[in-house]
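Subject: Structure handover

Hi there,

Here is the structure I promised to pass on. Have a look at it first, and then read on for what turned up.

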Amino acid sequence: MLQQTQVKTVIPYWERWMHQLPDIRALAAAADESVLKLWEGLGYYSRARNLLRAAREIMTCHDGRFPEEFDQVLQLPGIGRYTAGAICSIAFNQPRPIVDGNIIRVLTRYFAVAGDPKSRDINADLWRRAEAWVQAAAVVGRLNGRACSDLNQAMMELGATLCTPTGPRCGDCPLRTGCAAFGSGRVDRFPERTRRVTTISLRYAMAIVEKSGKILVQQRATDAVNGGLWEFPHVELAVGNGGAAEPLAQWLRISSDEFRALGILRHSITHHRITQEIFAVQAGKRWRCAAEKAGRWVTRQELDTLALTGPLRRWVDRRLDAPI
Ligand code: SF4
């Protein structure tokens, strides 16, 4: 839940989640839609779907107990090398390394590692260095039972609180006597900047189609971005200033004269900048089109029970209280 999300935002989500799904068994038995609804607004919805798949796999393959073997943890849906390392080191005190943004900053500065830390060779080198440290902690761990767990948490905390991207507090840092960047006065040179990701603009026309007091919604494919979430029928438009209503009208087979512009919703997902121009339209009782076959008609109250993206949910709550 905390990936790319602040703690204060996550707390109510965490409390709701733990109230409704207090353990693996409860999660495994939950309906896909109710899990997505609990996650609504947090973004990165594949995490919710993977948690659900992992819980079901733990019930069927591990008798409902979370596995402690690194390789078995790594096999669970949604768990990669970083997460498996974090779970095995922090929860089970195993000598498994973790390398995230904070730890990359500490390691590249401590060892004065030049080059792009995301490039394959340098990233592999950082993982080796992190592994050497946690292996050394395991030796110390014979005296202190939680050394691997403590080391990895301390590294993350050091990167978050002292060895920060700007204005690191080297004077307070317990690593400063061995830190190559600090020793050579080159702290601001590490880590080297990675190339900026190019942003991609996407533009859509979206329709709130109402028929007999119900609104047409459709569900995104599970393998798509925001998979499993609900949305309104839409068409992708060429980026630019061309009219949005006409392509939507042609697709829906309703005259654009019937459309009423409701507003423009702008938001971002990772490096995508998304613009959605939203229209309301009343469909006749006999209206049929491909969007209807793939969708579901819901009341305004039922719409509240479906999981939407955070920006769309906020827009709906603000704008769809009046009749369309
Ligand atoms: S001495 Fe400064 S640069 Fe080096 S690890 Fe500590 S905070 Fe980071």
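A quick definition to start: helices (H or I, at least four residues) and strands (E, at least two) are DSSP runs, numbered from the N terminus. Please keep in mind that this is a predicted model, where local features need pLDDT of at least 70, side-chain atom pairs count only at pLDDT 80 or more, and totals for chains, interfaces and linings use all residues. Residues are numbered from 1 along each chain as its sequence is written.

Now to the ligand. Its shell holds 14 residues, and those that come nearest are Cys163, Cys170, Cys173, Arg176 and Cys179 (a residue is near if its C-beta atom, placed from the backbone, lies within 6 Å). Helix 7 (101-110) and helix 10 (180-183) are the elements that give two or more residues to this shell, with helix 7 providing the largest share, three residues. By type, the shell has 12 nonpolar residues, two charged and no polar ones; here Ala, Val, Leu, Ile, Met, Phe, Trp, Tyr, Cys and Pro count as nonpolar, Asp, Glu, Lys and Arg as charged, and the others, Gly among them, as polar.

As for the whole chain, you will find 14 helices and seven strands in it. Domain 1 covers 99-195 and domain 2 covers 200-319, bounds that come from an automatic or database domain assignment. The C-alpha centres of domain 1 and domain 2 are 46 Å apart. Along the principal axes, the C-alpha atoms of the chain fill a box of roughly 75 × 50 × 30 Å.

Happy browsing!
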